[in-house]
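Open the model in your viewer and keep the selection panel to hand. The stops below say what to select and what is found there.

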Amino acid sequence: MIVIGAGPAGCAAARILAKANLSVGLFDKAVFPRDKICGDALIPDAYHALEKLGLVESVTRIAFPSQGMRLIGFDGSNVLVRAVSACVPRLELDELLVKSAVEGGAEFLPGHELVNVVNEDATNYRVEFSYGASSVAARAEWVLLATGAAVKPIRRAGLLLRAESKSFAVRQYVRNERVSKNFKELVFAFDHTVKGGYGWVFPGPDAIFNIGIGFFGSAHKHSNARRTYERFIAKMPLARDLMRDGEIMSPLKGSPLRTGLSGARFATGGLMGIGECVGTTFPLTGEGIGKAMETGILAADSIISQSHLGRSAVARTYTTGISRLQPKYDVYRKAEFLFNWPYLTNKLVTHAAGNLYFRNKLEGLFNETTDPAFLLTLSGWRKILFGSGNEART
Ligand SMILES: Cc1cc2nc3c(=O)[nH]c(=O)nc-3n(C[C@H](O)[C@H](O)[C@H](O)COP(=O)(O)OP(=O)(O)OC[C@H]3O[C@@H](n4cnc5c(N)ncnc54)[C@H](O)[C@@H]3O)c2cc1C
């Protein structure tokens, strides 16, 4: 097996395949530990995947735990949605994931950049990599592409359907001991400075905060990310406080996100796309670590359970499994209208703050136990807009 890309998707797949005694080469163009531009937040779906991988304990050891997600409306209204969550720098998380794949039995080959994938004959793929100044080729019956949001490798593997990405986000690290003392929440803030998106402040280990903004839908094409970020941190009280006496730990860096489970083929023959290269990052929230691992596990399980029936059976099982997630992605994509409707967003936040039933529903959304479709129904919005609160605001 060849797995290309050692982020959460590739490492999850490599660990599962290698633990099933299959021979796995895990290739990445980078030399680890390597940074990945990210908000670093782990939400419940990441924990579900880590549980399947047997890695919850080791990740918990390096992560900064959070009490939940605080959603802040455009008008400053806010609510704490409780769900298992944490923040862990990707430099450390991905290093741990690579080690877990190697510990499972995979061979890790850093510094290998994908150049081409050729379907050599009925059973084998030939994958070409550049390695320093030389070229290296490897052969395998199964190839898993896990190269994230970059378009070039998806095109080279022949899985690309749409080059353009639908979202863009930037982030920066800031250390602030003073603020970190009493702060254990992942903050998602809607603000007029971030049109078509939201800003975040996530506390991580060693009093280092991950601060960023993301644009979704078509908004990112019209936005100057740096200027928007500067406006956001100048206006949002918490970000402003952090910056006041905080130490800047990194430059502002940005990256596109491939969202919506669209833009690439999931599988053709023995070649499968997993993680963000097939758009597994959520629209609306931009979270994607959990679903990257989940699809990596799904592809690996499909190979393990179906390969005796041939390539089409594996591709079918994987495609059916991943397509089951599609309705959720579709709702999240449509719910991006909230970014442009401050009144509705504020109502949603205040209703959740004052109504336990609805707050549970929101918690269920993060925990994946509530169908998000209520965000698009008339009856759902009637309750949000006209329903009464049944308890004091949190
Ligand atoms: C600013 C920002 C904030 C985000 N915040 C969050 C968050 O807080 N929580 C969350 O869950 N998600 C977040 N995301 C999304 C998250 O980063 C992705 O969903 C996740 O990283 C996808 O994992 P992956 O394994 O599919 O790809 P990646 O993590 O991108 O890993 C891909 C790997 O492939 C390698 N690679 C790329 N090209 C090649 C090549 N040609 N040859 C060989 N190797 C290659 C790369 O070096 C990399 O190691 C954020 C994204 C951005 C941009």
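**Charges and overall form**

Start by selecting the charged side chains: 47 are positive and 36 are negative, and the centres of the two sets lie 6 Å apart. Bear in mind throughout that this is a predicted model.

Now show the whole protein as a cartoon. It has 14 helices and 20 strands. Its radius of gyration is 21 Å, close to the 21 Å that the globule rule gives for 394 residues, so the protein is as compact as a globular protein of that length. Along the principal axes, the C-alpha atoms fill a box of roughly 65 × 45 × 40 Å.

Switch to a surface view. The protein exposes about 16,300 Å², and carbon and sulfur atoms supply 53% of that area. Of the 394 residues, 59% are buried. Among contacts with a separation of 6 or more, 70% are between residues 24 or more positions apart.

**Stop 1: isoleucine 2**

Select isoleucine 2, which is in strand E1 (residues 2-4). Is isoleucine 2 buried or exposed? Its relative accessibility is 3%; because the limit for buried is under 20%, isoleucine 2 counts as buried.

Next, display what surrounds this side chain. Leaving aside neighbours within four places in sequence, isoleucine 2 is in contact with Gly25, Phe27, Val127, Phe129, Ala138, Arg139, Ala140, Trp142, Val143 and Leu144. For a distance check, pick the C-alpha atoms of isoleucine 2 and glutamate 95: they are separated by 19 Å, and the two residues are 93 residues apart along the chain.

**Stop 2: a cis peptide bond**

Go to phenylalanine 32 and proline 33. The peptide bond that joins them is cis, with omega at about 0°. Proline 33 is in the loop between strand E2 (25-27) and strand E3 (41-42).

**Stop 3: aromatic rings**

Colour the Phe, Tyr and Trp side chains. The structure holds 14 aromatic pairs. One of them is formed by phenylalanine 282 and tyrosine 332; this pair is tilted, with 5.0 Å centre to centre and 40° between the planes. Which parts of the chain does the pair tie together? Phenylalanine 282 lies in the loop between strand E20 (271-273) and helix H9 (289-306), and tyrosine 332 lies in helix H11 (residues 326-334), so the pair links parts that are 50 residues apart in sequence.

Both partners can be checked for burial. Phenylalanine 282 is buried, at a relative accessible area of 3%, and tyrosine 332 is also counted as buried, at 4% relative accessibility.

Then select Phe74, Phe188, Phe190, Tyr198, Trp200, Phe202, Phe216 and Phe339. Ring pairs link these residues into a cluster.

**Stop 4: two leucines with positive phi**

Select leucine 261, in the loop between strand E18 (253-257) and strand E19 (267-268). Its phi is positive, about 55°, although the residue is not a glycine. Leucine 261 is buried, with a relative accessible area of 4%.

Finish at leucine 284, in the loop between E20 and H9, where phenylalanine 282 is also found. What is the phi of leucine 284? The value is near 70°, positive in a residue other than glycine. The relative accessible area of leucine 284 is 13%, and leucine 284 is buried.

How values were computed: Residues numbered from 1 in each chain as written. Predicted model: local features only at pLDDT ≥ 70, side-chain atom pairs only at ≥ 80, totals over all residues. Heavy atoms only, no water. Helix = DSSP H or I, 4+ residues; strand = E, 2+ residues; numbered from the N terminus. Rg over C-alpha atoms; globule rule 2.2 N^0.38 Å. Buried < 20%, exposed > 50% of the residue type's maximum accessible area, 1.4 Å probe, protein only. Contact = heavy atoms within 4.5 Å. Areas by Shrake-Rupley, 256 points an atom, 1.4 Å probe, with all protein chains shown as cover. Lys, Arg positive; Asp, Glu negative; His and termini not counted. Charge placed at Lys NZ, Arg CZ, Asp CG, Glu CD. Phe/Tyr/Trp six-rings, centres within 6.5 Å; stacked < 30°, edge-to-face > 60°.
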